[in-house]
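Please look over the model below before reading on. My notes follow it.

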Amino acid sequence: MIEVKDVYFTYPNNVEALKGVSLNIRKGDFVAIMGQNGAGKTTLVKHFNGLLKPTKGTVTVNGVDTREESVAKLSRGIGFVFQNPDNQLFCETVEEEVAFALRNFGFEDKIIQKRVEWAINLLGLAKHRQSSPFMLSGGERKRVALASVLAWNPDVVILDEPTIGQDYQQKEKLRQFIVQLNAQGKTVVVVTHDVEFVAECNPRVVLMAQGEIVVDGDAKHVLTNAKLVTEASIVPPQISQIFMGLTDLGLPFDIIDVYEARDILLDFLGGDL
Amino acid sequence: MSVFEGFRFRRVLSPIHQLDPRVKFLYVCAVFGIAVMFNQLLPLILLFLIQLPFVLAAGVQKEWIRSMKGASFLALMIFLFNFLFTYFYREYPIFPPSSSLLEYSLAMTLRFIVLVESFSIFFLTTSPDRLGLALEQSHVPYEFCFAFTTAVRFVPVLAEEAQTIMDAQKARGLELERGNFIKRIRNYIPILIPLIVSAIRRSLELAEAMESRAWGATNKRTNLYVLKIERGDYILAVISVGMLILAVYIWLFMREQIPSLIPLITAQNV
């Protein structure tokens, strides 16, 4: 679906942000792109909808080279939710905000109404539909931004740092929501450095460092590999840290799921609940 | 955005960069004054050329050319408006338009270019810090100096933010280049509103952060660096004042004798 082939990207100020990245995202994938600040995560995903064009190499979306298509056209299939909702909210009401993209894509009024209704309900914004987006809380603004993208039902949803500034409960809701989207067949790409969030979602993990992909594998394998994790300067999830410290007891070290951990511990203690 | 590029300071060492901002400002004022005084082509061309050595000495040619390119669209508009309006106002039924009209429009355009040129040299070679210092030492209240330097310093930040906002709206299907002239201007609303809102938010946050770091606790602030007028500064000051005096003299006594260029050139060609 999205094919990245040996992509190099250099910013106008000569910062080389991507150095030979190759990646293949298939339909229905759930991918988390991780790595520390400045690793090139956001730069990479901005290539998916053509906001950035590779300096060298190619990015193709459904067989179309992103260099030959406008961002607006590519965005029809690829929804990009930016990190900071304040960078895109501008309308007087939440409804208007959600309808903005639909108007841009030239949907008919009737369909716009339906889609707006659907997206607003999906993200629990019904009671705010007539409020100004600027009056909402940070978490609500983030949800408006998400609704405004989901409204046009893109095949791929890219979320840049969706968990920043969200309280734990919101994060959990968001996680369930993303997992549900993916289960419905949407391709989901999440850019984040929130390891706990990734551990709970258990997606395919692409780990980046200094503009290169360090590893591409399942979350359990990547997040519990001490060597890889140090290389990309991230910290394993807490639950894995506990198990990494308990290997002397003969327990497995590659645990990222809390429920799995509970079962193993119960088993080890010989207890029953 | 490219016009702003021309006003963005980059840290380089050159004799021009080390000049006292106050003296450089005097120079800009002198150029400004002279440019406004004359509406003939010849003195404005001279004024334009006089400044080129400054650009070369400061080593900011690349940035300077970029700012000139940024100004070229406005310059073109100024030329067209001057030319068309004056033509229809003064000469309309007569065709072709007279050469003096052409020269007048060119002079007006060049006046604008000279102004952009001098301001661009000033901002390209003066760091915001030194500019603030200069204001402070000219007994401008510190609050105003601070507001000014902060504003200058935040221009690149805002430019970057504008880029992010543009990306975000493009990703929502906004096509800036679509539609007729009015539609294109309207296309910028989704970019301007978030930009303004976030600028206001940012300034409120900055104010709070500064208050909590005891901003304005004492009336008598001291500075680590103090500007001193040195030899180079005296030279530039003399040049500026000299240019100004000369210009005033010419304007007072020889204004009528300034030759107009186009007849001169065409006469030679014949």
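1. Basis. This is a predicted model: local features need pLDDT of at least 70, side-chain atom pairs count only at pLDDT 80 or more, and totals for chains, interfaces and linings use all residues. Residues are numbered from 1 along each chain as its sequence is written, while chains are lettered from A and ligands numbered from 1 in the order in which they are written.

2. Overall build. Chain A has 11 helices and 10 strands (DSSP runs numbered from the N terminus: H or I of at least four residues for helices, E of at least two for strands). Its radius of gyration is 20 Å, close to the 19 Å of the globule rule for 273 residues, so chain A is as compact as a globular protein of that length. The radius is taken over C-alpha atoms, and the rule is 2.2 Å times the number of residues to the power 0.38.

3. Sheet. In chain A, 4 strands form an open antiparallel sheet, ordered 2-1-4-5. Strand 2 (16–25) and strand 5 (64–65) of chain A are the edges; each has a single partner strand, so one side of each lacks a neighbour in the sheet. Pairing requires at least two DSSP bridges between two strands. Strand 1 (residues 2–10) and strand 2 of chain A share 7 bridges.

4. Interface. 20 residues of chain A are in contact with 17 residues of chain B (C-beta atoms, placed from the backbone, within 7 Å). Helix 2 (71–75) and helix 3 (94–104) of chain A each supply at least two residues of the chain A side.

5. Chain B. The domain assignment, automatic or from a database, gives domain 1 (1–126 + 229–270) and domain 2 (141–227). The C-alpha centres of these chain B domains lie 30 Å apart.

Technical notes: Contact = placed C-beta atoms within 7 Å.
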